Amino acid sequence: QLGTLRERLESKERAVPFGIEVMGRVRDLGSVDDVVEIARRIEWVRPVLDFAHMHATSDGAFLEPAPFSEALARADGVLEAGAPFHFSDIAFANRNETKHLPYGDGTLRAEPLRDALAAFERPATVISESPDEESSQAIRSVLAGAAGTSSAMRAS
């Protein structure tokens, strides 16, 4: 299907890199390992790490820098400089996301991501998927301390 998509994009002169996001449900195709492997096999595909989704599917394990650093290390070989990452607080049940939350309403915090990105030694762009601008600004404020993290954040 990705090959067909690429052909259609090329025929319209719109062949751009294509991001595949880590999903927030444990039974869906889209774990960190899945998206990294697809990106390894298909040159124009890029992994998009979604830390809220990984927090949900790990039953809330992203509380310290180590899980963030491990995910970054697993994807390192296929990430480009400035690669986009998704971040927001999240509600989950049975290792599946239920919804993105305003920052602070769940258990995912930006400080461990900030610390992991500071040690990552490459530029990164963090895209807030928070449901409100106030949450996006709170996340931006925390991440501002990570060297090389792009200040360009947008809510989606």
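Predicted model: local features only at pLDDT ≥ 70, side-chain atom pairs only at ≥ 80, totals over all residues.
Local features need pLDDT of at least 70 and side-chain atom pairs count only at pLDDT 80 or more, while totals for chains, interfaces and linings use all residues. Residues are numbered from 1 along each chain as its sequence is written, and side-chain values use heavy atoms, with hydrogens and water left out.

**The core**

Start by selecting Leu49, Phe51, Phe85 and Phe87, which touch the most other members of the 37-residue largest nonpolar core. Such a core is a set of buried Ala, Val, Leu, Ile, Met, Phe, Trp, Tyr and Cys residues joined through side-chain atoms within 4.5 Å; buried means under 20% relative accessible area, exposed over 50%, and partly exposed in between (1.4 Å probe, protein chains only). Among the elements that each supply at least two residues of this core are strand 2 (45-50), strand 3 (83-87) and helix 5. Helices (H or I, at least four residues) and strands (E, at least two) are DSSP runs, numbered from the N terminus.

Now centre on Phe85. Leaving aside neighbours within four places in sequence, its contacts (heavy atoms within 4.5 Å) include Leu49, Phe51, Leu72, Leu117 and Phe120.

Next, select helix 5 (110-120), where Ala110, Pro112, Leu113, Ala116, Leu117 and Phe120 are buried. They lie on the same side of the helix because they cover an arc of only 155° around the axis, taken from the directions from the helix axis to the C-beta atoms.

Move on to helix 6 (133-143). Which of its residues are buried? They are Ser135, Ser136, Ile139, Val142 and Leu143, and their arc of only 125° puts them on the same side of helix 6. Turn to the other side to find Glu134 and Ser141 exposed.

**The largest pocket**

Show Ser31, Val32, Met54, Thr57 and Arg74, the closest to the pocket centre of its 17 lining residues. Helix 4 gives the largest share of the lining, 4 residues.

**Two loop stops**

Most residues other than glycine have a negative phi. Glu13, in the loop between helix 1 (2-11) and strand 1 (18-21), has a positive phi of about 55° and counts as exposed at 77% relative accessibility. Finish at Arg95, between strand 4 (89-93) and strand 5 (96-101): its phi is positive, about 65°, and it is partly exposed at 41%.

Terms used:
1 Å grid on protein atoms, 1.4 Å probe; cavity = no way out; pocket = protein on both sides within 12 Å on 5 of 7 lines; lining within 4 Å.
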